[in-house]
Amino acid sequence: DWLLSQTKHRPQVAIICGSGLGMLADALKCQDAFHYTDIPGFPQSTVQGHAGRLVFGELKGKTCVCMQGRFHMYEGHSLCKTTFPVRVFKLLGVETLIVTNAAGSLADGLKPGDIMIIKDHVNFPGLGGFNPLNGPNDDKFGPRFPAMSACYNPGLRCLAMDIAKQQGVAELVQEGVYAAVGGPNFETIAEAKLMHRLGVDAVGMSTAPEVVVAVHCGLRVFGISLITNKPRPFLSVFLDFYRALSREVVTMVTDINASIQGSGCSCSVSSLTSS
Ligand SMILES: O=P(O)(O)O[C@H]1O[C@H](CO)[C@@H](O)[C@H]1O
Ligand SMILES: Nc1nc2[nH]cnc2c(=O)[nH]1
């Protein structure tokens, strides 16, 4: 009610900006922006790279509301709080939720810089009983036992692929399965291998609880992950480091050699480069 009294915008689409993706909100025209600290009852952002603003405005002719900064379980929020904005969107009249996140790749074909259209998720905290829908069901939002077999709208996924082709970036975009973990630590190699074997393509610490609450209250959902990193076995990290270091040493020795020879000195360190 407070938000509706403060803005004339009546959004049809809500966008949750993932880590480092908050600049999307800056593209909105005719903005009304509210700091989370000024919105009565709203949770507060504590993570770097999450500005903590709700921005209303027009994006390509659609009225949108954009979360510049989301809430994570590892910040100490209950899952109810991390997903609270989704129910606020529903009450504002939103019909479509777009979730975005930064995620680590577990799939061979997904590299940093790629975009993964989320086709399904594994909600690890949810499987362990940490679910935002725990507690008495609020029937005015949705049923006690909501189906999660088609969380990510097939029509929107198809549309996104078509747009990627039109924009000539299709080779950077593919569909995959996102897994949510609790964080805040990144995965051990064993955990990354386990998830890979279970069919997970990308892993992060958000999104799935928001999507569960959105699907529960009948929102249409589209989700994308920006791949920011790729967990790798220690040995290959070490080998890369070693190769880079050897290249540096060879360059250094070659330079020293060249300057010794340039100075007319009779000694040489070329034997070092070969050894
Ligand atoms: O999921 P978003 O909010 O994009 O953030 C992702 O990036 C952070 C780790 O770098 C974690 O919070 C992870 O969930
Ligand atoms: N859990 C997890 N979250 C991430 N967010 C961005 N990258 C990662 C990652 O590799 N693992």
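**Helix 3 packing.** I looked up what the buried residues of helix 3 pack against, and found strand 1 (13-17), strand 4 (62-68), strand 5 and helix 7 (208-216). I took contact to mean C-beta atoms, placed from the backbone, within 7 Å. Helices (H or I, at least four residues) and strands (E, at least two) are DSSP runs, numbered from the N terminus. The model is predicted: local features need pLDDT of at least 70, side-chain atom pairs count only at pLDDT 80 or more, and totals for chains, interfaces and linings use all residues. Residues are numbered from 1 along each chain as its sequence is written, while chains are lettered from A and ligands numbered from 1 in the order in which they are written.

**Buried side of helix 3.** In helix 3 (residues 84-92) I noted P85, V86, F89 and K90 as buried; buried requires 20 or more other C-beta atoms within 10 Å of the residue's own, exposed 12 or fewer, and partly exposed lies in between, with C-beta atoms placed from the backbone. Because these residues cover an arc of only 150° around the axis, they lie on the same side of helix 3. The arc is that of the directions from the helix axis to the C-beta atoms. Just after helix 3, I recorded a positive phi of about 100° at G93.

**Annotated positions.** The UniProt annotation "binding site", from an unreviewed entry, covers E187 and N229. They are spread over 43 residues of sequence, yet their largest C-alpha distance is 11.7 Å. UniProt annotations may be inferred rather than shown by experiment.

I placed E187 in the loop between strand 7 (173-180) and helix 6 (189-197). E187 is partly exposed, with 18 other C-beta atoms within 10 Å. Leaving aside residues up to four places away in sequence, E187 touches A192, V203 and P231.

N229 belongs to strand 9 (residues 220-229). I count N229 as exposed because it has 12 C-beta neighbours inside 10 Å.

**Ligand shells.** For ligand 2 I found 13 surrounding residues, the closest being A102, G104, F186, V203 and G204; a residue is near a molecule if its C-beta atom, placed from the backbone, lies within 6 Å of it. Strand 5 (96-105), strand 8 (202-204) and strand 9 each give two or more residues to this shell. Strand 5 supplies the largest share, 3 residues.

Around ligand 1 I listed G18, S19, R70, H72, N101, A102, G183, G204, M205 and S206.

Notes:
Contact = placed C-beta atoms within 7 Å.
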